[in-house]
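Colleague: I have a structure open in my viewer and would like to learn how to read it. Could you take me through it, one feature at a time?

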Amino acid sequence: MTRGRRIAGWAMALLGLPLLTAVMLAFAERLTLPSEILFFLLLVVAVALVGGRWPALTAAVLGFALLNWFFTPPLHTLTISAPENLVALTTFVLVAAMVSTVVDQAARRSREATRARADAEVLSTLAGHVLRGDAALPSLLARLKEVYELASVTLLERDGDSWRVVATAGGPPSTSPGHADTDVPIDDDLVLAVRGRQLDVADRQVLEAFAAESAVALRQERLREEAERAKPLAEADKMRTALLAAVSHDLRNPLAAARAAVDSLRGTEVDWTPEDRAELLATAGESLIKLDRLVSNLLDMSRLQAGVLGVTLEPLAVEDVVPQAIADLGPLRDRVHDGFSGEVPEFMADAALLERVLVNLMSNAVRFNPPDRKVVISASSYGEHVEFRVIDRGPGIPAEAQERVFMPFQRLGDRQGVGLGLGLALSRGLTEAMGGTLTPERTPGGGLTMTVSLRRAP
């Protein structure tokens, strides 16, 4: 029973019985003793319902005395002359006592059930909090403060000989376990401290569950922070591993080919014909061009990742960029078809960077295109954008892998196994640096279309 109900029960017992006695004395000539006992029993039951066992037992004893004194012959004495009256009054006390006990037990069970239901709801909320992964300490502590109407909830961690506030919710936090109204040790270094009121044993059990979850939330936060700190290190390690592989294979191959051609030309043991000398010079030139492209891609990718790539946007026309980009393909330029038709408005771009993007896209498309087909490059305007399309008829890329090809050092489906796998990653990075987008899509009839979208010039 709550304190208010207990006070109300005592008031009914101590004031209601005299009042009932006065009313019944006024009608004493019309009432019989059994009727008077029933009225007193009704009041005792009401006291039991309101105030519980002890006020009801007190009312039963007091009612027995009042019935004996005022309504049981001989009146105004405690003597009972008739045995049946003694039985009736004794039965009244026993029934009143049993009813009081039953009502009190029912009230206690009801209160325990209510308390258990409330605790279950709190623990269910806590479990849902854990299952959803919402382990943020502030929200967890705020929930605990709300449930128990506390002034503040604080998670403390030992810091040498003192305590440090890890997280808090509510008013001024507890700076040490001694300053809290209730504290729950979690381990040797963590304590959950609450202020506002003393919690009983049942509340403390739920508080311990919150304390354990707070420790889990703290560990999750710290693991997440460590993972975030380790992520750049892992990326850097991955980049270093890929660079080592690139230097050991992709960069050394064209370098070795160029060096072999030059050493052959410098040698005196063989008298090369003009055709042989021209072929060796072409091999050296192509190898150096390939080497220069690989090194440039590496340098540009490092500038992109460092955020120091210089970009100068200016109004450009298709004729300012595409012919030079096709020419930069070298021997591959004959495998590209210029599919421009009609007027295309000017667009905002950096000429050198856009050339690099188109060269990378066209060389990549040529590598996968059937030998008897040409890669098509076209341009058109769409709304406030100008779009360049590099279209091949190769095997294409599965939809689930289209974003993966833009990761550095990815060579998905590369039959020739050459290059660093930086072309598409660098192309997307340069396009986005110019304020545009690079998106892949399936070519109707088979193949892959890379679309570079740039803003129209004002």
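Predicted model: local features only at pLDDT ≥ 70, side-chain atom pairs only at ≥ 80, totals over all residues.

Colleague: Let me begin with the open sheet of four strands: what is the order of its strands, and is the pairing parallel or antiparallel?

Modeller: As a general idea, the strands of a sheet pair through backbone hydrogen bonds, and they do so either parallel or antiparallel. Here the four strands of the open sheet come in the order 2-1-4-3, and their pairing is antiparallel. Strand 2 (162-170) and strand 3 (182-185) are the edge strands, each pairing on one side only. On average, neighbouring strands of this sheet are turned by 20° against each other, direction ignored.

Colleague: How many bridges pair strand 1 with strand 4?

Modeller: Six bridges pair strand 1 (residues 152-159) with strand 4 (residues 190-195), in the antiparallel sense.

Colleague: Which strands does helix 5 lie across?

Modeller: Helix 5 (residues 137-148) lies across strand 1, strand 2 and strand 4, and it runs at about 70° to strand 2.

Colleague: Now the sheet of five strands: in what order do they come?

Modeller: The order is 6-8-9-11-10 in this open sheet, and the pairing is mixed. Strand 6 (336-338) and strand 10 stand at the edges with a single partner strand each, so one side of each has no neighbour in the sheet. From one strand to the next, the twist averages 25°.

Colleague: Which strand runs parallel to strand 6?

Modeller: Strand 8 does, and three bridges join it to strand 6.

Colleague: How many residues lie between the strands in the hairpin of strand 10 and strand 11?

Modeller: That hairpin has five residues between its strands, and glycine 445 takes a positive phi near 95° there. Strand 10 (residues 437-442) and strand 11 (residues 448-455) run antiparallel and are joined by six bridges. Leucine 438 stands opposite valine 452 in strand 11.

Colleague: Let's turn to helices. What describes two packed helices?

Modeller: Two numbers do the work: the angle between the axes and the distance between the axes. Take helix 2 (residues 33-51) and helix 3 (residues 53-71), whose axes come within 8 Å and cross at roughly 160°. These two helices are therefore roughly antiparallel to each other, and helix 2 passes helix 3 in a right-handed crossing. Among the residues that meet are Phe40, Val44 and Val47 in helix 2, and Ala59, Gly63 and Leu67 in helix 3. By class, the contact holds 13 nonpolar, two polar and two charged residues.

Colleague: At what angle do helix 1 and helix 3 cross?

Modeller: The axes of helix 1 (residues 3-26) and helix 3 cross at roughly 15° and come within 9 Å. That makes helix 1 roughly parallel to helix 3. Their crossing is right-handed. The residues that meet include Trp10, Ala13 and Leu17 in helix 1, and Leu62, Leu66 and Phe70 in helix 3. This contact has 13 nonpolar, four polar and one charged residues.

Note on methods
Residues numbered from 1 in each chain as written. Heavy atoms only, no water. Axes fitted to C-alpha atoms, helices over the stretch in contact; angles between N-to-C directions. Parallel < 35°, antiparallel > 145°, perpendicular 65-115°, else oblique. Left-handed = near helix turned anticlockwise from the far one by under 90°. Contact = heavy atoms within 4.5 Å. Nonpolar A, V, L, I, M, F, W, Y, C, P; charged D, E, K, R; others polar. Pairing = 2+ DSSP bridges.
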